[in-house]
Every structure is written in C-alpha cells, then in structure tokens.
Amino acid sequence: MRYFLEIAYDGTRFHGWQVQPNALSVQEILEDCLSKVLREPISTTGSGRTDTGVHAIQQFVHFNAQLPLDPQQVVYRLNRILPDDISALNLYLVQPDAHARYDAFARTYHYHITLRKNPFKRLHAWYHSRPLDVEKMNEAAAILLNYEDFTTFSKVKGDTKHYRCNMYEAVWEQAGEELGFTIRANRFLRGMVRLVVGTLVDVGRGKLTVEEFEQIVASQDRSRSSGAAPSEGLYLAKVEYPSELFIP
C-alpha cells in the first residue's frame, strides 16, 4: 500500500533532503525512524530536493508499506522518535502509482529577509543591512511570469533535461523590517529560487535596473545571474497534488 507522508523540518544542520555519503540528510533520518516505527525497511521518495540549510514548511514523501496503517498512530509514534528539527504532520493513503515528485502540479517557496540584525533569525532569514526598493523588486519579479525558459537561474550540474517552468506567482511583501518573497510554479530547477532572489535583491539595491533584469532572464546565460541568496532564508512552503490521488 502506498502512502504520502507530510513533514516539516528545520534544515539548518542537514546537508539537504537527499541521502548522500558522509553527510547528514533529512531523508536518512526519516527513513531510519520510519523503518523502526513500521518494523520493516522503508525507502522514501520526496516531492523535491532541498539544498543544505534550506527549510521545509511542507514536504511530501511517498513510501510503500506491507500492511494497512493507522495514520494517527503512525504520526504519533514517528514524532516520538524523530529529532526536534523534523516533524511528521499527516499520513495519507494514496493511489498505488501515486508519485510524490512527478504528480505534484505546483510548488511554492518562501524567502525571508530581515533588514534588522536579529540573533533569533540568523538561521532562518537573510540579514540584509541595506535598504531595498521593494517596488522595483516587484516590477522585476512580475517579469518572471512572462517567461518559460529559466536557464539563467539554473546550475550546470544535475540531471535536468530541460529548463522550462510554468511560473504562476512571484511577489514581494514587506511588513516593517521583514521582507517575504513568494514564488509558485509547476517545477523549479536546482538552486533556482536562491539565484532568482539574489538577482532580484540586486534590483532592490539599485545595482540592476528592471530592464537589465529582464535582459538577464531573456539571455538564458547562467553567468549573468547574481550570486545565490543564502540558504537559511529559503523555505519549501507548499506542494500541491490532484485530489484524486488521495484515498479517503
């Protein structure tokens, strides 16, 4: 039987989501705890990979279990042995061929910036001491919705077959000295959101004009994007699936 497990985690001490040699990952910890709770070897597939230090408000993984599970009991028992920086939120029975990665039709990321040095947010937001022109940043962000090829904001390495993404939303909001960026698309390239944020912040600093930002997007030239924003400000916030995947 196939299940979707919804989790959240603070990515500060992890080298990303995916299992890798000689580095601690969220997937490694989760699979170990699931195997102990269910008393059988469990292998998981995530809805996407988060990089080192990146957080998740909502991440989904799928796995198979030999016997029917009681979602409430599994979540309860899992949370008793998971470390404090990983939380199991919900467990759903899904169709036998449901896939956490390939069946997601939209993903949303949030990015947090603080304009005031705050020791309590040093691991969860990017401290940027200079004022930023949020209006210009939003003008530039809106341009992203007019494009489908985001080669400019991609990393060279990886198994990406194409660089097309359907962008649905890209907007900045400011509340006092806190800035939040929301970006939603059907898919994202590896490292894409942090490269987008870094380049948009250069618009906010006056280092780039809105027109220059559009030229950078259109160029499909990786060398023209700005440096990636720090990982601590990035959160995988929401993953969306067709309702018919879930079995009541």
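Mentor: Begin with helix α2: what covers its buried residues includes β1 (2-9), α1 (26-38) and β4. Contact here means heavy atoms within 4.5 Å. Helices (H or I, at least four residues) and strands (E, at least two) are DSSP runs, numbered from the N terminus. This is a predicted model, in which local features need pLDDT of at least 70 and side-chain atom pairs count only at pLDDT 80 or more, while totals for chains, interfaces and linings use all residues. Residues are numbered from 1 along each chain as its sequence is written, and side-chain values use heavy atoms, with hydrogens and water left out.

Helix α2 covers residues 71-81, and its buried residues are Val74, Val75 and Leu78. Buried means under 20% relative accessible area, exposed over 50%, and partly exposed in between (1.4 Å probe, protein chains only). Viewed down the axis of α2, the buried residues fall within an arc of 95 degrees, so they line one face of the helix. That arc is taken from the directions from the helix axis to the C-beta atoms. An α-helix has 3.6 residues a turn, so residues three or four places apart point the same way. On the face of α2 turned away from the buried side sit the exposed residues Gln72 and Arg80. At the start of α2, a side-chain oxygen of Asp70 comes to within 3.1 Å of the backbone nitrogen of Gln72.

Now the rings. The whole structure has 12 aromatic pairs. Rings of Phe, Tyr and Trp (its six-membered ring) pair if their centres lie within 6.5 Å; planes under 30 degrees apart count as stacked, over 60 as edge-to-face and the rest as tilted. Tyr92 and Phe246 have ring centres 5.3 Å apart and planes at 80 degrees, so this pair is edge-to-face. Tyr92 lies in strand β4 (residues 86-93) and Phe246 in the segment after β9 (234-240), so the pair ties together parts 154 residues apart in sequence. Tyr92 is partly exposed at 29% relative accessibility, and Phe246 is partly exposed at 25%. The rings of Trp172 and Phe181 have centres 4.7 Å apart and planes at 25 degrees, so that pair is stacked. Trp172 is buried, with a relative accessible area of 2%, and Phe181 is buried at 0%. Tyr92 and Phe246 also belong to one aromatic cluster with Phe4, Phe60 and Tyr241.

Technical notes. A polar contact is a pair of N or O atoms within 3.5 Å; within protein, one must be able to donate a hydrogen and the other to accept it, and residues adjacent in sequence count only if both atoms are side-chain atoms.
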